[in-house]
Structures are given as C-alpha cells and as structure tokens.
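Here are a few notes to read alongside the model. Please keep the structure open while you go through them.

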Amino acid sequence: MYNLANCYERGTGVAKDETEALRLYKMSAAQGDKHAAAKVKELSSTLDAAPPPKAAAKPAKPSSSGGKNKKKKWSKGKVKDKANNAVVFDKITYDRLIKDVPTFKLITPSVLVDRLRINGSLARRAIRDLESKGLIIPISKHKSQLIYTRSTRVEEDEAPAAATAGDKKAKKQQKKKADEAEDE
C-alpha cells in the first residue's frame, strides 16, 4: 500500500492525486507501517494548508495500454511486385547478351538479372558461356559471387595487337597492300 500511495503522491505511472495518496497512506499506517504514519501527518498538514484544487475541465485521458482501447493498426507496407524474369533465352535477349554485355565494365549475375530480366541460374550460365568465348575476363571467382569485366583484347578479325617492333613492320606491310588494292 505504501508504494502505491507513493506513486499517487509523485504521479509515477498514474495521475498525480494527493487525496488518493493520503487515503492509501492511512490504510498502510493502519496496518502498522511507521513510514506511512509519518507521510499521513505530512500530507494532512499540506492538504489542510493548501486551498482545494479546482476541478479540471478535462478529465484525465486513459493511458494507451488500456484493455478495451482499439489497437493500432499497422500498415502492411509497400508490397514489391514479383519479378517476371525469363527462364530461357529468346532470340532478342540472347542477341543483347552477346552484343551489350561484353561492353559492361562490371559483369555479375545480379547485373545481368537486373538489366536483361533473366533469372539467376540463367545469368550464371550466360556468364560461363561468355567467358568460354573470351568476351569477358574474370576478376574474382568466389563461390558466392562471380565478378567479371569486359575483355580488353582486340578480336583477331579486326587488327592484331602490335607488341614488338617486328609486328609493327608486318602491320605497315599489310596497310600498304590494302592501300594498293584500293588504288587498283
């Protein structure tokens, strides 16, 4: 009883009400609590000296943890639409794969899923195919994430890379022959 009266006196967890606190202190003092008897004397003198408080215009609002109050309804949140990714390559998607993907700086299965709208297993298969053709080169091959980049080597059909001085001479000779063929 003493602790409950103390809560009413201070307003801890309940609305502050000194008259209710005094009533509870008196009950506790009747049961033999010495501290409660001292509080009864203290509060009695305080309440007798002070003018009675004016009645509040608004009744105290019940706490939100009441049993009969309506529960807060939580929103379901934004529902993401399910991705409709392809499971098999069609002609258009395969052509985009061969033409566009070797030009990407970063090539991962997630990038292919996002840009080509294909599923993950198809993206991993496509990456293996592009690597076997030499169109992309691996940066990191970890079991959880494959990271590739575009191949920087020039195709054999276009012009071979010149690494030594002898190759440069061969390239000049090929260029001369091509110019002569155009003149004729």
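1. Two strands pair if DSSP finds at least two bridges between them. In this predicted model, strand E1 (residues 136-141) and strand E2 (residues 146-150) run antiparallel and are joined by 5 bridges. Proline 138 has tyrosine 148 of E2 as its bridge partner, while serine 140 stands opposite isoleucine 147 in E2. With 4 residues between them, E1 and E2 form a hairpin. Strands (E, at least two residues) and helices (H or I, at least four) are DSSP runs, numbered from the N terminus.

2. A word on conventions. Residues are numbered from 1 along each chain as its sequence is written, and side-chain values use heavy atoms, with hydrogens and water left out. Local features need pLDDT of at least 70 and side-chain atom pairs count only at pLDDT 80 or more, whereas totals for chains, interfaces and linings use all residues.

3. How confident is the predictor in the chain? The mean pLDDT (the predictor's confidence in each residue, from 0 to 100) is 78, and 73% of the residues reach 70 or more. Over residues 154-165 the pLDDT is below 50, and this stretch has 5 contacts in the model beyond near neighbours in sequence. Contact means heavy atoms within 4.5 Å.

4. Now to the helices. Helix H1 (residues 2-10) and helix H2 (residues 18-30) have axes 8 Å apart and pack at an angle of about 165°. That makes H1 roughly antiparallel to H2, a label for angles over 145 degrees. Axes are lines fitted to C-alpha atoms, for helices over the stretch in contact, and angles run from 0 to 180 degrees between N-to-C directions.

5. Which residues make the contact between H1 and H2? From H1 come Tyr2, Leu4, Ala5, Asn6, Tyr8 and Glu9, and from H2 come Glu20, Ala21, Leu24, Tyr25 and Ser28. By class, the contact of H1 with H2 has 7 nonpolar, 2 polar and 2 charged residues. Here Ala, Val, Leu, Ile, Met, Phe, Trp, Tyr, Cys and Pro count as nonpolar, Asp, Glu, Lys and Arg as charged, and the others, Gly among them, as polar.

6. Helix H4 (residues 91-100) and helix H5 (residues 109-116) cross at roughly 135°, and their axes come within 12 Å. Thr93, Arg96 and Leu97 of H4 meet Leu112, Arg115 and Leu116 of H5 in the contact, which divides into 3 nonpolar, 1 polar and 2 charged residues.

How values were computed
Angles under 35 degrees count as roughly parallel, over 145 as roughly antiparallel, 65 to 115 as roughly perpendicular and the rest as oblique.
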